[in-house]
Amino acid sequence: MAQTNTEVQELLNDMVASHGVFITKLYQHHFYVQGPHFFTLHIKFEELYKETTEHFDELAERLIAIGGKPYATLKEFLEHSAIEEKPYTEKVPAEEMVASTVADYRILCDNLAAGITLTGEVGDDVTQDLLIAYKTGVDKNIWMLQAFLGKDPLEGK
């Protein structure tokens, strides 16, 4: 069981790192969005970074509860994140920001699915339940953002 607990801890810690980077990207989109959808997207990106921050906290707290130590520095986040940082060096169209957010949510979704499988295999029902509930929300966000872009939720998958 010790090895399987270590695997769950590593998976959760990588998720913590990915969330640290993703939250920063959502703030970036919130700060820099422009254009005819400014008011809608400015509010939406704020909603998304607040929601993601809650899940970030839940993942870190669950990690501590099972004996892990969450990454807590920007350097650790960047080293262990499945989501890549993208500095804002030139104007990015609003639709590209939304598409980037969808792509990052798909990465989180894949990680959540892997976590659901792993925690099911090792019998960590509490962590599995947390991940299933979170994945449901991520799937909904992908659907809604794809609808904003005029795309099918599965398009680009």
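## Ground rules

In this predicted model, local features need pLDDT of at least 70 and side-chain atom pairs count only at pLDDT 80 or more, while totals for chains, interfaces and linings use all residues. Residues are numbered from 1 along each chain as its sequence is written, and side-chain values use heavy atoms, with hydrogens and water left out.

## Overall shape

Let's start with the fold. The protein has five helices and zero strands, with helices (H or I, at least four residues) and strands (E, at least two) taken as DSSP runs numbered from the N terminus. Read from that end, the order is α-α-α-α-α. The radius of gyration (taken over C-alpha atoms) is 16 Å, close to the 15 Å from the globule rule for 157 residues, so the protein is as compact as a globular protein of that length. That rule is 2.2 Å times the number of residues to the power 0.38.

Along the principal axes, the C-alpha atoms fill a box of roughly 55 × 35 × 20 Å.

## Inside and contacts

Of the 157 residues, 41% are buried, meaning under 20% relative accessible area with a 1.4 Å probe, protein chains only. Take the contacts (heavy atoms within 4.5 Å) between residues at least 6 apart in sequence: 78% of them join residues at least 24 apart.

## A spot on helix α1

Y32 sits in helix α1, which covers residues 2-32. Its relative accessible area is 38%, so Y32 counts as partly exposed, the class between buried and exposed (over 50%).
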